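Trainee: May we go through this structure together, one question at a time?

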Amino acid sequence: MSNVSHIKGNVLNSSNLQRIVIHSCNCRGSWGGGIAYQLAQRYPKAEQVYRNICEKYNDRLLGKCLLIPSFESENLIICCLFTSTYGGSVHDQQSSILENTLLALDRLRNIIYRKPNFLEDNVDKKLDILMRNLDENLSNYNLEMPKINSGIFGVPWEKTEQLLGEYSTGEHPLHFDVFSL
Ligand code: APR
């Protein structure tokens, strides 16, 4: 059975479910377009956390993953997959975006299941410290996303969806609810 469910609608519609909304980010501190812009409008404190992190670590964030509380809704956590160095029309190449999507999703799985071996470098360690106050039971959260990488980043959705399929098996499979407007 597929680990991806397709749902028609706005991924930011309110919900009572505990959920992690996943989106792709650049490493330059800009939530200036697409889904990121909508998140910035609704969750400015979360955007500030993202900006601060980009200011500090910049390109070293590529392939990393950061979960940020929404600060507005107790049930909502925002997940940043750092899949491209730059945003807008100067985003990275498709192959690099896909490679870094996989790296960032691996990290997401490790964060959710608190695997001890995921702290590969100093940036991972710093991000880990930032995430220590999150709910301990992240595995109870629904994983939700728009069709990441397929808008401003220009990667055909099918290619990212194929990567999501890699998390359908193993000790800790992940299920994704994918929203499209
Ligand atoms: N609900 C569901 N889908 C949405 C929503 C929404 N509220 N808003 C946008 N989408 C869809 C878009 O139509 C597109 O198919 O999400 C997909 C991804 O769109 P983008 O936001 O352009 O994201 P992406 O291609 O991953 O590019 C990421 O853009 O979001 C900014 O700062 C971010 O630099 C980053 C880049």
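Trainee: Which element gives the most residues to the shell around the ligand?

Mentor: The model is predicted, with residues numbered from 1 along each chain as its sequence is written; local features need pLDDT of at least 70, side-chain atom pairs count only at pLDDT 80 or more, and totals for chains, interfaces and linings use all residues. Side-chain values rest on heavy atoms, leaving out hydrogens and water. Both β2 (19–26) and α1 (34–42) supply at least two shell residues, where helices (H or I, at least four residues) and strands (E, at least two) are DSSP runs numbered from the N terminus. With 4 residues, the element that gives the most is α1.

Trainee: How many of the residues in the shell around the ligand are charged?

Mentor: Among the 22 residues around the ligand, Asn10, Ile35, Asn149, Gly151 and Ile152 come nearest. The shell holds 9 nonpolar and 12 polar residues, Gly counting as polar. The number of charged residues is 1.

Trainee: How much of the area that the ligand exposes alone does the protein bury?

Mentor: A backbone N or O atom of Val11 lies 3.0 Å from a ligand nitrogen, and one of Ser30 lies 3.1 Å from a ligand oxygen. Ser150 instead places a polar side-chain atom 3.2 Å from an oxygen of the ligand. Taken alone, the ligand exposes 690 Å² (Shrake-Rupley method, 1.4 Å probe). Of that area, the protein buries 87%.

Key: Near = heavy atom within 4 Å. Polar contact = N/O pair within 3.5 Å; in protein donor to acceptor, adjacent residues only side chain to side chain.
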